[in-house]
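Subject: Structure for you to look through

Dear colleague,

Here is the structure I promised to pass on to you, together with some notes on what was found in it. Please keep it open while you read, so that you can look up each residue as it is named.

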Amino acid sequence: MSMLFDDIVKKKYSCLSNSKIKNYQTFKDINLKEEILEIFNTLAEDSSWSFENLSRKETSYVSHGYHRYPAKFIPQLAKRCILSYSKENEIVCDPFMGCGTSLVEALVSERKAIGVDINPVAWLITMAKTTPIEPIRLKREVNSFLSDIYSYKSLKYNKTKPLIQIDIKPVTLENERIKYWFPQEDIRKDLGLILGRINKIEDENIKNFFLCAFSQILKNCSVWLMKSIKPTRDLKKKIVSPFQSFRKHINYMMKGNEELYRIMPKKVKENLKQFLIIEKGDARKLPIDSNTVSLIVTSPPYVTSYEYADLHQLTALWLQYTDDITDFREGFIGSIYKRDFLQDKIKSDIAEDIIIQLEKKSKRLSLAVNKYFLEMQQCFKEMFRVLKEGGKTCIVIGNTELKKVKILNAEVFVEIMLNLGYTVHKIIKRRIPSKILPSTRDSKTGRFTSNLKSDRVSYPYEYILVMEKP
Ligand SMILES: C[S@@+](CC[C@H](N)C(=O)[O-])C[C@H]1O[C@@H](n2cnc3c(N)ncnc32)[C@H](O)[C@@H]1O
């Protein structure tokens with residue numbers, strides 16, 4: 001059964017239930033920390049939010065299967081948040097859009113969508129996923145593309161006479177990191193050829209569609225150890241042919257595009273520019289006017305969990321977003337690689353306790369967690385600025401454990417947000433179905449491991465923090 005945060009606290013005659021109260025700091029007699037901890041301890045699971053029985057096909061419907069992305073949420077969850085807390089034509093924003101799950105769902109539900117992410121690869125994938133292309137046009141482009149590639153290949157590689165002279169400039173990159181991940185020269189050549197042909201496409205939407213497919217096949221075509229969240233080489237891996245995997249994946253994406261084109265409301269499809277803004281940027285400085293957003297649906301990065309910059313380095317290298325992975329990491333929240341440290345104070349006693357406990361185990365981790373909470377605090381301030389009065393957030397977040405210290409992200413976020421002026425509308429506790437549970441990994445290799453052996457533990461629950469700007 002679903003439990004309203006309000007209902008729990010009302011029983012305890014707490015001021016938290018009063019949505020008119022703006023500044024909880026003035027209520028000195030209330031121990032906010034203890035209240036929040038107890039509320040989370042007694043919160044019941046709402047099974048209707050676990051989406052237990054969805055098949056892979058259902059969670060990757062329309063364009064959702066175009067590209068893998070670490071910790072993406074399921075579209076059905078985003079859709080339910082959008083339908084519950086916003087109306088048609090209102091603005092839905094995701095400041096950590098990742099591969100754009102909530103943006104796609106906002107558009108198909110006839111909402112305006114604004115997405116921001118610091119990762120340029122997220123921008124590329126989201127552009128491709130949110131832009132339906134007329135299927136006949138796309139088919140024509142794909143046919144011409146594949147025919148060019150095969151003609152070129154028979155000319156250059158097999159030295160047989162081609163039917164037509166194809167003018168493609170294959171991309172050749174003299175980057176040591178590319179050689180490291182793609183040690184076979186013929187694989188690098190084939191990828192360079194595909195990319196060279198993509199570069200000839202004039203229509204930006206179609207080009208992004210092809211670039212998204214190119215990005216998706218890179219891991220399979222490299223010696224990257226699959227399913228690892230740490231960049232690790234697997235020199236025994238069977239490398240798949242770039243042409244075969246590209247063709248297969250583009251065919252799969254064409255089916256998704258057809259479905260997207262069919263279900264996207266006409267009004268949105270024909271005026272996409274008025275319905276959609278996607279920016280490469282920082283969630284701490286959103287390119288959005290104050291008091292305009294009705295709903296924020298987002299899942300923030302976790303601390304020291306996924307290094308998004310590292311995980312997307314193959315695309316970043318091929319598409320020349322960077323030559324140097326160290327620079328590419330700049331600005332990512334949750335990264336262990338941090339150079340500067342903020343002086344601000346975290347508006348959460350729960351966070352302070354966690355940092356003190358962690359400091360006894362690892363100075364480096366405690367600094368990273370400290371910085372993470374401070375950066376998230378900046379994001380919550382910024383979200384508050386852009387939200388309209390009465391606007392809501394749906395922040396999807398789970399708790400973790402580092403070196404046996406519980407990192408209570410959800411509790412900390414609620415405490416910070418209350419102290420920034422938000423009120424609680426509802427907290428939903430959902431079970432993460434075991435098939436998509438973020439598995440426990442070995443911190444050195446990134447491989448799957450048991451909870452017992454790991455110094456990082458994930459829990460099978462997460463929370464949706466529905467907070468309101470009063
Ligand atoms: C958990 S993922 C979001 C996944 C998304 N919900 C989806 O379905 O694909 C978190 C995202 O936060 C992004 N991120 C990290 N630091 C950021 C920052 N400073 N500003 C904006 N985005 C950031 C990462 O690049 C990553 O895409």
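The ligand is surrounded by 24 residues, and the closest of them are Y69, T101, D117, S299 and I333. Please bear in mind that this is a predicted model, and that the distances below are computed from it. I333 also takes part through its backbone, where an N or O atom lies 2.8 Å from a nitrogen atom of the ligand. A backbone N or O atom of A283 is likewise placed 2.9 Å from a ligand nitrogen, while D282 uses its side chain, in which an N or O atom is 3.1 Å from a nitrogen atom of the ligand. Taken alone, the ligand would expose 600 Å², and 100% of that area is buried by the protein.

Turning to the protein as a whole, you will find 19 helices and 10 strands. The chain has 470 residues, of which 57% are buried. If you consider the contacts between residues at least 6 apart in sequence, 78% of them join residues that are at least 24 apart. The protein exposes about 21700 Å², and carbon and sulfur atoms supply 50% of this area.

The largest nonpolar core has 94 residues, and the members that touch the most others are F182, F210, F214 and F246. Helix α10, which covers residues 204-217, gives the most to this core, namely eight residues. Because domain 1 (5-120 + 266-307 + 324-468) and domain 2 (135-261) both give residues to the core, it lies between them.

Finally, please look at N271, which is found in the loop between α12 (266-270) and α13 (272-275).

With best wishes

Methods. Residues numbered from 1 in each chain as written. Predicted model: local features only at pLDDT ≥ 70, side-chain atom pairs only at ≥ 80, totals over all residues. Heavy atoms only, no water. Core = buried A, V, L, I, M, F, W, Y, C linked by side-chain atoms within 4.5 Å. Buried < 20%, exposed > 50% of the residue type's maximum accessible area, 1.4 Å probe, protein only. Helix = DSSP H or I, 4+ residues; strand = E, 2+ residues; numbered from the N terminus. Domains from an automatic or database assignment. Contact = heavy atoms within 4.5 Å. Areas by Shrake-Rupley, 256 points an atom, 1.4 Å probe, with all protein chains shown as cover. Near = heavy atom within 4 Å. Polar contact = N/O pair within 3.5 Å; in protein donor to acceptor, adjacent residues only side chain to side chain.
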